[in-house]
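The points below are grouped by topic.

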Amino acid sequence: MRKNLRLLMSVLFAFVAVLAALLAARAQNPPPSAAKTAAQEFKNIQVLKDIPADQLIPVMQFVSASLGVECEFCHVEHAPEKDDKDEKKFARHMMEMQMNINKDNFEGKRWVTCYSCHRGAAKPVSVPVISAEGKVPGMKSVTAADKSTYPKPEALFEKYLTAVGGADALSRVTSRVQRGFVIFGNQKSPIEVYSKAPNQRVSIVHRKDSDSFTGFDGKMGWMSLPGRVHPMNAQESDGIRMDADLAFAAHLSSVFSKVDVEQGEKLNGNATWLVTGETEGKPPVKLFFDQQSGLLARLIRYSDSPLGLNPLQIDFADYRDSGGTKIPFRWTQSRPGSHFTIQIDSAEQNVAIDDAKFSPPPAH
């Protein structure tokens, strides 16, 4: 367990270091009105030259998760532009192979990704798995006849809205202040979450040496490290916009252009319905509703990258009444290889909060 925690911490520190370096570079060389490409922003980019510069880190995150490796598997530490490692050279070849497979066989649609073969391992498994259950894990059979008995997505959205208190109760909540702790492995840090209707939010984690912020000002998301601010791209902002919506349950029916319902997996022993929502040009969102209570138990959303989708999973628990509405007092946020839990101790509604609270601090 300690080994896994050290691995997890090293991955996060490596990502923070890369982000800090990226932010420092952009602070010294402010981007022009036209977004830079990866080749313009970073050194020695060969395969992914023409992708937007802000997509390079998501690509690296996708490769890391797909192969179950850290940055140094391919890159020289503190000198990622160097080509000293054979793994980096081969990775370029693999990226080209993936693109060519999709181009030549799937009309350019991204059906094959790194994860299709690697499945979280640096070396792909080439021999079929023998399963004690008699079929390959992950296989699922759903027929049209099965779905004919499923509830309509509109009914599930309405049940969720009723479960959290109803539209009127949600409309009476104009702001919320939550205080508690964020738990990461054996580390525990105080956190404050400020929310204001309709869709402003900022969370502040108080660490021993500094504070970190994640916010949405109503239009754009942002993150900050001491002295540096990272503006989120459009996809990242779309995700945090959902978190910031104080009346999310009341707006679900209008969020997606297409929805589908199927039997979800059991979460904490409870059966769920899975609603997959789609919006044209954006990755899908998966919502798991508890079949008995109607409450949202899990949300999975994705950020796109040129090589594949990066998933983010949020599990909600410990629902309690707060100002006439029911909200989760605990949620766990997970990405491949890392997760942390936020446990709320107190929540206040309709507290006066200045809009400046949600604006990113000036970079130094």
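Asparagine 350 is partly exposed, since its relative accessible area is 44%. This residue belongs to a predicted model, and asparagine 350 sits in the segment after strand S13 (338–349). Its phi is near 55 degrees, a positive value in a residue other than glycine.

**Backbone angles and a cis bond**

- Most residues other than glycine have a negative phi, and most peptide bonds are trans.
- Asparagine 268 is not a glycine, yet its phi is positive, at about 55 degrees.
- The loop between strand S7 (258–263) and strand S8 (272–278) holds asparagine 268.
- Asparagine 268 counts as exposed because its relative accessibility is 75%, and the cut-off for exposed is over 50%.
- Between alanine 197 and proline 198 the peptide bond is cis, and its omega is near 0 degrees.
- Proline 198 is part of the loop between strand S2 (187–196) and strand S3 (200–206).

**Helix H4**

- Helix H4 runs over residues 86–105 and has 20 residues.
- From the first C-alpha of H4 to the last is 28 Å, close to the 28 Å expected at 1.5 Å a residue.
- Lys88, Arg92, Met95, Gln98 and Asn102 are the buried residues of H4.
- These residues lie on the same side of H4, because they cover an arc of only 120 degrees around the axis.
- H3 and helix H5 (114–118) are among the elements that cover the buried residues of H4.
- On the face of H4 turned away from its buried side are the exposed residues Asp86, Asp104 and Asn105.

**Helix H3**

- H3 has 12 residues, which should span 16 Å at 1.5 Å a residue; the end C-alpha atoms of H3 are 17 Å apart, so the two values agree.
- The buried residues in H3 are Leu56, Ile57, Pro58, Val59, Phe62, Val63, Ser66 and Leu67.

**The second largest pocket**

- Rolling a probe the size of a water molecule over the atoms shows where empty space is left.
- The second largest pocket contains about 600 Å³ of space.
- Two or more residues of its lining come from each of helix H3 (56–67), strand S9 (285–290), strand S10 (296–304) and strand S11 (309–322).
- The lining of the second largest pocket is made up of 18 residues.
- Tyr115, Lys286, Tyr302, Leu309 and Pro311 are the lining residues that lie nearest the centre of this pocket.
- By type, the lining of the second largest pocket has 11 nonpolar, 4 polar and 3 charged residues.

**Glutamine 178**

- Strand S1 (residues 175–184) includes glutamine 178.
- Glutamine 178 counts as buried because its relative accessibility is 5%, and buried means under 20%.
- Leaving aside residues up to four places away in sequence, glutamine 178 touches Ile191, Glu192, Val193, Ile327, Pro328, Trp331, Ile344, Ser346 and Ala347.

Note on methods
Residues are numbered from 1 along each chain as its sequence is written. This is a predicted model: local features need pLDDT of at least 70, side-chain atom pairs count only at pLDDT 80 or more; totals for chains, interfaces and linings use all residues. Side-chain values use heavy atoms; hydrogens and water are left out. On a 1 Å grid over the protein atoms alone, a cavity is a set of points where a 1.4 Å probe fits but cannot get out, and a pocket is an open set with protein on both sides within 12 Å along at least five of seven lines; lining residues have an atom within 4 Å of a point. Grid points are joined across faces, edges and corners, and a volume is the space filled by probe spheres set on the points. Helices (H or I, at least four residues) and strands (E, at least two) are DSSP runs, numbered from the N terminus. Ala, Val, Leu, Ile, Met, Phe, Trp, Tyr, Cys and Pro count as nonpolar, Asp, Glu, Lys and Arg as charged, and the others, Gly among them, as polar. The expected span of a helix is 1.5 Å times one less than its number of residues. Buried means under 20% relative accessible area, exposed over 50%, partly exposed in between (1.4 Å probe, protein chains only). The arc is that of the directions from the helix axis to the C-beta atoms. Contact means heavy atoms within 4.5 Å.
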